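Hi,

Here is the structure I promised to pass on. Have a look at it first, and then read my notes below.

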Amino acid sequence: MSSTDSTLVHEILAGDAEAYAILVKRYQKPIFNLMLRMTSCDEDAMDLTQETFVRAYEKLEQFKPCSPFFPWLYTIGMNLARDFQRKVRASRTAMESLSRDMDPLSDSAESLSGRLDADQVSQMLRKLPPDYRESLMLRFHEGLSVNELASALDISVSGAKMRIHRGLLKLRELLGEKNHEE
Amino acid sequence: MKNEMKNGFPLDVPEEDLRRIAGMIASLPDREPPVEIIDFVMAGIKPKKMGRLRVLWRRLTVPVVFAPLRLASVAASVALVFLAVALFVNRGPEQSSTTSLQQAVNGNERTVVFSLNMPGASRVELIGSFNRWKPGDSVMAWDDSRKAWVLSLDLPKGRYEYAYLVDGEKVVSDPNALMLRDDGFGNKNSILIVERNNGHEAGI
């Protein structure tokens, strides 16, 4: 039987550094994919993934064993990715202008027409502002509860619901535009 | 602003659309992370030392049982340690082990020089994850100028575990290794990380 996250954290804090390799193996995939979405660059994604795990290890004493490990780790990753994006100002500006151009509640009640495939969704997700995109990914791709999502993004539960709501609307709008163009 | 939700979806747009989108998000393919991430992370951390508060907390929470026999065993252990130290001091030159990374051989591999100072041994072999722990594959040669058993290996980047097999029976770990790991059979494996950056001694 595999060890639980909290058992592993306990062992690591007691001096067994090797136990951390299990946590890294367990969560490197979602963190690496988070970084790919945030940077669109393999090298940067790899560096940020490593940094996330090293930073989490350094802060492990602050982790509350009664809470889930992954949202806590994700918060660290998100903060690092945001810092990285601040340095890459061009991409941030692009995100902001996209965000301004879109009215989140200007949807119509018409149903999405045309085909919808994974490539389209993936492509349009990249156009969403990171906060909305990651809310949708955490909720629907990683399967976190709204409470865990709120914890991972360091926002209130109502704020998390709002992000899911707006994120879905924005994505639907982008996909509608894409289909309309085609 | 409308923010009514049903089953996690907004009410003011066709639920079918949003369910489809959520379903597509759920089934988006993930990229596999590069295999070396674990190695690089593990190379960047050190075992944690328990802080005073944590040690105090453990002392308070873990019950201590007074057992005179335990004291006797402690005394015996101390005596054994003294005996071992005395034997060790009289044994002659101190055993030491070094492992050093040298210049890159090509883009992917680096030369690792393993060195074990054990003049009393008649045969020393290097066993590890790089040779599937197979004795005989990496026999070390005595280098009189270094007064040590030496072997060079070209290894690609990655994380390796290794140990020295002395005279075909005694497994000796590298005391200077970055980390040691219990092999589950009473021995300690040494951990070696060969990093991607070309450089001097980084990585061990």
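**Where the chains meet**

In this predicted model, 42 residues of chain A are in contact with 38 residues of chain B (contact: C-beta atoms, placed from the backbone, within 7 Å). On the chain A side, α1 (5-13), α2 (19-39), α3 (42-58), α6 (118-127), α7 (130-141) and α9 (157-181) each supply at least two residues. The most comes from α2(A), with 9 residues. By class, that side has 27 nonpolar, 9 polar and 6 charged residues (nonpolar: Ala, Val, Leu, Ile, Met, Phe, Trp, Tyr, Cys and Pro; charged: Asp, Glu, Lys and Arg; polar: the others, Gly among them).

Now for chain A itself. It has 9 helices and 0 strands (DSSP runs numbered from the N terminus: helices are H or I, at least four residues; strands are E, at least two). Of its 182 residues, 40% are buried (20 or more other C-beta atoms within 10 Å of the residue's own). Among contacts with a separation of 6 or more, 66% are between residues 24 or more positions apart.

Why does G167(A) count as buried? Because 25 other C-beta atoms lie within 10 Å. Leaving aside neighbours within four places in sequence, G167(A) is in contact with L128(A), Y132(A), R133(A), S135(A) and L136(A). G167(A) and R133(A) are 34 residues apart in sequence, yet 6.6 Å apart in space, C-alpha to C-alpha.

Some housekeeping: residues are numbered from 1 along each chain as its sequence is written, and chains are lettered from A in the order in which they are written. As the model is predicted, local features need pLDDT of at least 70 and side-chain atom pairs count only at pLDDT 80 or more, while totals for chains, interfaces and linings use all residues.

Cheers

Notes
Two residues are in contact if their C-beta atoms, placed from the backbone, lie within 7 Å. A residue is buried if 20 or more other C-beta atoms lie within 10 Å of its own, exposed if 12 or fewer, and partly exposed in between; C-beta atoms are placed from the backbone.
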